[in-house]
Number of protein chains: 2
Amino acid sequence: MMANDRVTTPEVNLSPHFAIQRDRINQALARLLPPADQYPESIHEAMRYSIFAGGKRVRPLLLLETGEAFGGPSEVLLDAGAAVEMIHTYSLIHDDLPAMDNDRFRRGMPTSHVKFGEATAILAGDALLTLAFQVLANLKVRPELVVRAVQILAPAIGTIDGMIGGQVMDIKYEGAQLNQSKLEQLHRAKTGALIRASVLLGALLGEADGGALERLSRLGDKLGLVFQIVDDVLDIEATSSQLGKTAGKDRGARKYTFPSALGLAGSKQYAERLTHGAIAELEQMTRAGGQASKIDASRLKELCLFLVHRKS
Amino acid sequence: MMANDRVTTPEVNLSPHFAIQRDRINQALARLLPPADQYPESIHEAMRYSIFAGGKRVRPLLLLETGEAFGGPSEVLLDAGAAVEMIHTYSLIHDDLPAMDNDRFRRGMPTSHVKFGEATAILAGDALLTLAFQVLANLKVRPELVVRAVQILAPAIGTIDGMIGGQVMDIKYEGAQLNQSKLEQLHRAKTGALIRASVLLGALLGEADGGALERLSRLGDKLGLVFQIVDDVLDIEATSSQLGKTAGKDRGARKYTFPSALGLAGSKQYAERLTHGAIAELEQMTRAGGQASKIDASRLKELCLFLVHRKS
């Protein structure tokens, strides 16, 4: 990793194992991104700036732990995890733009367009999206697995029930009252689809069988919703310094959130229930016999509990 | 194709064969893009609006004619050609944004952000980029060919000698005097790389052998430069109504162009010389014996001549 890549890891209650995994993911990212002094430098500086702005690496961790549970090769899982983090980062850069959420700070640092200008920010997002697919294409696995990986990732970040579609809904419904079903549709697309895809990519590259994939798909779906509910709750309960971004922003932006639909306590209960449902999928998967009965799902379980209990 | 997709084909001096090919490409695009009434509608309307705004389809034509010359399956070539056109269109939408070139009209129609707003335009570009990779992943060919296709396309539109890198250089050097070598580096990246990739993807999917691929790579490189030189010349010589966009725009934007480096006559001569070089590659390829000696390169040759002699 280059000396000027600030990797600030948020404080979390995860076992030291995950700090090591996060370092490995950061190293993969540092290796796969063009060096900051590669011509034309400005775009590579901007790509690295946002990637190394202190993310929790939730998506690559999910991919890595799922894949390693099934005995997938770490080098491949780390690269695929880096690709997923590139996608997540591109989406943050574009969402922060003045034409979208107009956010000037994220994780306590100026956003890409504030730091590098809007043109470079738009292009840095485009470049991270493009590089993610390039990284998948270069995975050292059987070509069928690469093709399946792109077939999982692309729709998850596309317009129909995918990340871009979710962002479109978010803009469309700003200021509107949404019932729980509409709210879940929005967040399943905007946040959930990439989280679910991360779990599925790990399972794919670990060559999990069809039954396990189905269980993990449901687990990923639940975790995606949990992630968003907890985000909404933290926006109300946490301080700005804990979040590294402006707390209470949802109310200011007139966003309809899970707490506005279910109340604060109801949202927390719902997140707990979904998390237990996700863990139940894991347990049923390992109890179903066959391939999955031999896997150690304890790390994945710990990640599920972290996602619901995190404080930032 | 839906009734409200306006497909206006610019007037060109190509044999009727190419009008048929262009229709087939438009049909593939209409089939592969989500319907305009698919939820969330606004993004799909915006994607279709820019795709069906009357492009010449130069890149998919190059892909299709190269692939068909080698006996590649048309359905596959049409889908890959559509993917390349999605990439081209995404780049136009993002380049037209206020933070970039701030263009309000293209091909005589309001640009995406003027018509749909900036947020939707940014997302429509992102969505076309994403869908292009999804289309490649779904090609009905051996998985190795899909992997190679992504390995050709992604770097061609990336930051190092690719399309995004070229756009970064273009912004960086606005108003600067560039020597011919810098100017060629910029346009090889910004315009040339995707044109060359289109030829290479056709050759790949037609399963051309290594020797042919090398010749076609050089041909694609030359055609990419020709395309840009002719664009620069037309910006001076053609009227706005012929171009469907503001003529004389380069001078207004203080862009350093091939005519400013080589003069108008010098630019035209250079484009002719490059075109003859491209055609020479074709002829040497078919004369080299082996697989390529059996192909009919006459359509490709016609396309080369069209690119240098086009009036819009």
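This is a predicted model: local features need pLDDT of at least 70, side-chain atom pairs count only at pLDDT 80 or more; totals for chains, interfaces and linings use all residues.
**Stop 1: α7 and α9 of chain A**

Select residues 143–156 of chain A for helix α7 and residues 180–205 of chain A for helix α9. Their axes lie 9 Å apart, and the helices pack at an angle of about 170°. Angles over 145 degrees count as roughly antiparallel, and α7(A) and α9(A) are therefore roughly antiparallel to each other. Now display the side chains that answer the opening question. Coloured by class, the contact of α7(A) with α9(A) shows 12 nonpolar residues, two charged residues and no polar residues.

**Stop 2**

Keep α7(A) selected and check its length. The 14 residues of α7(A), at 1.5 Å a residue, should span 20 Å, and this agrees with the end C-alpha atoms, which are 20 Å apart. Next, highlight the buried residues of α7(A): A:V146, A:V147, A:A149, A:V150, A:L153, A:A154, A:P155 and A:A156. What covers these buried residues? The cover includes α4 (74–96), α6 (118–137), α8 (163–172) and α9 of chain A. It also includes α6 and α7 of chain B.

**Stop 2: A:L201**

Centre the view on A:L201, which lies in helix α9 of chain A. Is A:L201 buried or exposed? A residue counts as buried if 20 or more other C-beta atoms lie within 10 Å of its own; A:L201 has 31 other C-beta atoms within 10 Å and is therefore buried. Leaving aside neighbours within four places in sequence, A:L201 is in contact with A:L63, A:A80, A:V84, A:A149, A:I152 and A:L153.

**Stop 3: where the chains meet**

Display both chains and select the residues in contact between them. Chain B contributes 42 residues and chain A contributes 42 residues. On the side of chain B that touches chain A, α2 (41–51), α6 (118–137), α7 (143–156) and α8 (163–172) of chain B each supply at least two residues. Which helix gives the largest share of this side? The largest share, 12 residues, comes from α6(B). By class, the side of chain B that touches chain A has 26 nonpolar, 12 polar and four charged residues.

**Stop 4: two helix pairs in chain B**

Select helix α1 (residues 16–32) and helix α4 (residues 74–96) of chain B. Their axes come within 9 Å and cross at roughly 75°, which makes α1(B) roughly perpendicular to α4(B). Here B:R24, B:I25, B:A28, B:L29 and B:L32 in α1(B) meet B:L78, B:D79, B:G81, B:A82 and B:E85 in α4(B). This contact of α1(B) with α4(B) has six nonpolar, one polar and three charged residues.

Move to α8(B) and helix α9 (residues 180–205) of chain B, which pack at an angle of about 145° with their axes 7 Å apart. The crossing of α8(B) past α9(B) is left-handed. From α8(B), select B:M163, B:G165, B:G166, B:Q167, B:M169 and B:D170. Facing them in α9(B) are B:L186, B:H187, B:A189, B:K190, B:T191, B:A193 and B:L194, which they meet. By class, there are six nonpolar, five polar and two charged residues in the contact of α8(B) with α9(B).

**Stop 5: backbone details in the loops**

Select A:P40, in the loop between α1 (16–32) and α2 (41–51) of chain A. The peptide bond from A:Y39 to A:P40 is cis, with omega near -10°. In chain B, B:P40 lies in the loop between α1 and α2, and a cis peptide bond with omega of about -5° joins B:Y39 and B:P40.

Next, find B:N102 in the loop between α4 and β1 (105–106) of chain B. B:N102 is not a glycine, yet its phi is positive, about 50°. With 12 C-beta neighbours inside 10 Å, B:N102 counts as exposed. End at B:R107, in the loop between β1 and β2 (109–110) of chain B. Phi of B:R107 is near 50°, a positive value in a residue other than glycine. B:R107 has 17 other C-beta atoms within 10 Å and is partly exposed.

Notes. Residues are numbered from 1 along each chain as its sequence is written. Chains are lettered from A and ligands numbered from 1 in the order in which they are written. Axes are lines fitted to C-alpha atoms, for helices over the stretch in contact, and angles run from 0 to 180 degrees between N-to-C directions. Helices (H or I, at least four residues) and strands (E, at least two) are DSSP runs, numbered from the N terminus. Angles under 35 degrees count as roughly parallel, over 145 as roughly antiparallel, 65 to 115 as roughly perpendicular and the rest as oblique. Two residues are in contact if their C-beta atoms, placed from the backbone, lie within 7 Å. Ala, Val, Leu, Ile, Met, Phe, Trp, Tyr, Cys and Pro count as nonpolar, Asp, Glu, Lys and Arg as charged, and the others, Gly among them, as polar. The expected span of a helix is 1.5 Å times one less than its number of residues. A crossing is left-handed if the near helix is turned anticlockwise from the far one by less than a right angle, and right-handed if clockwise.
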